[in-house]
Amino acid sequence: MGVPIAIAYHWRGAFENGELNALHAEAFEHRVLEDDWVAQVHEHSLGWVCARDAEGLVGFVNVPWDGGVHAFVLDTIVAVGARRQGVGRQLVAVATAEARAAGCEWLHVDFEDHLRDFYFGACGFSPTNAGLIRLA
């Protein structure tokens, strides 16, 4: 592991679609898309957290909500070069604090099995029953 990098976290921070599309492609190992993230989060989300170092965007998490007491963690992503330094944990911590400050009573997350230790251990989520229907 190299020298720790200085990271700043911004609730509802500014970002460009291109930089988030590139980060998303890196994190989820797909081609770079041309999604309009700016419009999406402004229309559907309570907020989002951007993590930036001196070079640019290194992390992001989206926090959509139902407009009431339920918020959701989606698309927690960290650049490969910034992983294993607590960036993801801090993204979720900021999202949790801001959802609580907005009056939300519940913060939901779902994830693949290999992320159990991250969400249950590092981020403090509790296991719960949930259901899922694959639509496509």
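**Exercise 1. Is R84 buried or exposed, and what is its relative accessible area?**

*Solution.* The model is predicted: local features need pLDDT of at least 70 and side-chain atom pairs pLDDT 80 or more, whereas totals for chains, interfaces and linings use all residues. Residues are numbered from 1 along each chain as its sequence is written, and side-chain values use heavy atoms, with hydrogens and water left out.

Step 1. Apply the cut-offs: buried means under 20% relative accessible area, exposed over 50%, and partly exposed in between, with a 1.4 Å probe and protein chains only.

Step 2. R84 has a relative accessible area of 78% and is therefore exposed.

Step 3. Locate the residue: R84 is in the loop between β4 and α3. Helices (H or I, at least four residues) and strands (E, at least two) are DSSP runs, numbered from the N terminus.

Step 4. Most residues other than glycine have a negative phi. R84, not a glycine, has a positive phi of about 65°.

Step 5. At 23% relative accessibility, D75 counts as partly exposed.

**Exercise 2. Determine which face of helix α3 is buried and what covers it.**

*Solution.* 

Step 1. Check the helix length. The expected span is 1.5 Å times one less than the number of residues. For the 15 residues of α3 (residues 87–101) this gives 21 Å, and the end C-alpha atoms are 21 Å apart, which agrees.

Step 2. List the buried residues of α3: V87, G88, L91, V92, V94, A95 and A99.

Step 3. Look down the axis. The buried residues of α3 fall within an arc of 160°, so they line one face of the helix; the arc is that of the directions from the helix axis to the C-beta atoms. An α-helix has 3.6 residues a turn, so residues three or four places apart point the same way.

Step 4. Turn to the other side of α3, where R100 and A101 are exposed.

Step 5. Identify the cover. The buried residues of α3 are covered by elements including β1 (8–11), β2, β3 (56–64), β4 (70–78), β5 and α4 (116–122). Contact here means heavy atoms within 4.5 Å.

Step 6. Follow the chain onward: α3 is followed by G103, whose phi is positive, near 95°.

**Exercise 3. Find the salt bridge and state which elements it joins.**

*Solution.* 

Step 1. Name the pair. E19 forms a salt bridge with R52, and their closest N and O atoms are 2.6 Å apart. Because E19 lies in helix α1 (residues 17–28) and R52 in strand β2, the pair ties together parts that are 33 residues apart in sequence.

Step 2. E19 is partly exposed, with a relative accessible area of 25%, and R52 is partly exposed at 22%.

Step 3. In α1, the residues L20, N21, L23, H24 and A25 are buried, and their cover includes α2 (37–44), β3 and β4.

Step 4. Bring in L57, found in strand β3. At 12% relative accessibility, L57 counts as buried. Beyond four places in sequence, L57 touches E19, L20, L23, C50, A51 and R52, a list that includes both partners of the salt bridge.

**Exercise 4. Which backbone nitrogen atoms does the side chain of D53 reach?**

*Solution.* 

Step 1. Examine its charge. Lys and Arg count as positive and Asp and Glu as negative, while His and the chain ends are not counted. D53 is buried yet has no salt bridge, and R52, the nearest side chain of opposite charge, is 7.4 Å away.

Step 2. Find the backbone partners. The side chain of D53 reaches the backbone nitrogen of E55 at 2.7 Å.

Key. Salt bridge = Lys/Arg side-chain N within 4 Å of Asp/Glu carboxyl O. Polar contact = N/O pair within 3.5 Å; in protein donor to acceptor, adjacent residues only side chain to side chain.
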